Amino acid sequence: MSHEVTSEGAGDSSDVEVDRGGRPASTSPRELAAAAQRLFLRDGFEQTTVEDIAAAVGVSRRTFFRYFATKADVVWVESDAELDHFRAMIAESAPSMNPVDVVEGAFIAAIDHGLAEDEWARHRAELILRAAAVQAQAGAVYRRWRTVIADFVAERTGGRPDDEYPLAVAYAAMAASSAGHERWLADPSARLAESLRPMFALMVPRGPDVTTD
């Protein structure tokens, strides 16, 4: 989850320090995040400074803060795209499907980035579950997910987002995600999807059938 902080002179390319290798006088949140991820894995989250991240891509500390309010925000850089992916998948689902099946399938597909990114995904999950600075951002992220889930379940069941069942599914889905990630981190050989599915089955209420008009 990135925050683009606008300030006077924010668009001035003179703020960006160009390295001797000819790096373009610009950067992006994803480039900064990729550098941060490498440093977090190598040196640890607490040991990595904003200055370290900025230096890794040849920009100034000020440039870092154009995109991220804190170092912890880097961990959430993918969350908006994941939620957008989730939202698109539930919107495209067949109306006859049970909404919990839709939520489970779309949720796992949106957040499981596969074996190619397994090392960072595990480290990211551990930071989200353990690092206080990262957890401080979690409430706002989880609230957005719960809102999307509750809205979808309410629409499919003919209710309101603040009715008991949509709220129960929304909160239970996020709890199942946390439990599944804990289980995944405890087993280095496990796949994320395999760890999440049993938690969804046990924790998320199946509830009423969908309405079909």
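**Reading helices and salt bridges in a predicted model**

Author: Arg122 has its place in helix α6, where helices (H or I, at least four residues) and strands (E, at least two) are DSSP runs numbered from the N terminus. The model is a predicted one, in which local features need pLDDT of at least 70 and side-chain atom pairs count only at pLDDT 80 or more, while totals for chains, interfaces and linings use all residues. Residues are numbered from 1 along each chain as its sequence is written, and side-chain values use heavy atoms, with hydrogens and water left out.

Reader: Which residues is Arg122 in contact with, once its neighbours within four places in sequence are left aside?

Author: Contact means heavy atoms within 4.5 Å, and on that basis Arg122 is in contact with Trp184, Leu185, Asp187, Pro188, Ser189 and Ala190.

Reader: What makes the pairing of Arg124 and Glu82 a salt bridge?

Author: A salt bridge is a side-chain nitrogen of Lys or Arg within 4 Å of a carboxyl oxygen of Asp or Glu. The N-to-O distance between Arg124 and Glu82 is 2.9 Å, so the pair meets that definition. Arg124 lies in helix α6 (residues 118–130) and Glu82 in helix α4 (residues 79–91), so the bridge ties together parts that are 42 residues apart in sequence. As for accessibility, Arg124 is buried at 9%, and Glu82 is buried at 5%. Glu78, Glu82 and Arg124 are linked in a network of salt bridges.

Reader: How many salt bridges does a search of the whole structure find?

Author: The search finds 10, and one of them joins Glu51 to Arg61, whose closest N and O atoms are 2.5 Å apart. This pair links distant parts of the chain, with Glu51 in helix α2 (residues 50–56) and Arg61 in helix α3 (residues 61–67), 10 residues apart.

Reader: Where do Asp84 and Arg87 lie?

Author: Both are in helix α4, three residues apart, which is about one turn of the helix.

Reader: What makes α6 roughly perpendicular to α7?

Author: Axes are lines fitted to C-alpha atoms, for helices over the stretch in contact, with angles running from 0 to 180 degrees between N-to-C directions. The axes of α6 and helix α7 (residues 132–157) come within 6 Å and cross at roughly 90 degrees. Angles under 35 degrees count as roughly parallel, over 145 as roughly antiparallel, 65 to 115 as roughly perpendicular and the rest as oblique, and therefore α6 is roughly perpendicular to α7.

Reader: Which residues of α6 and α7 meet?

Author: Leu127, Ile128, Leu129 and Arg130 in α6 meet Ala132, Val134, Gln135 and Tyr142 in α7. Ala, Val, Leu, Ile, Met, Phe, Trp, Tyr, Cys and Pro count as nonpolar, Asp, Glu, Lys and Arg as charged, and the others, Gly among them, as polar, and the residues of this contact divide into six nonpolar, one polar and one charged.

Note on methods: Buried means under 20% relative accessible area, exposed over 50%, partly exposed in between (1.4 Å probe, protein chains only).
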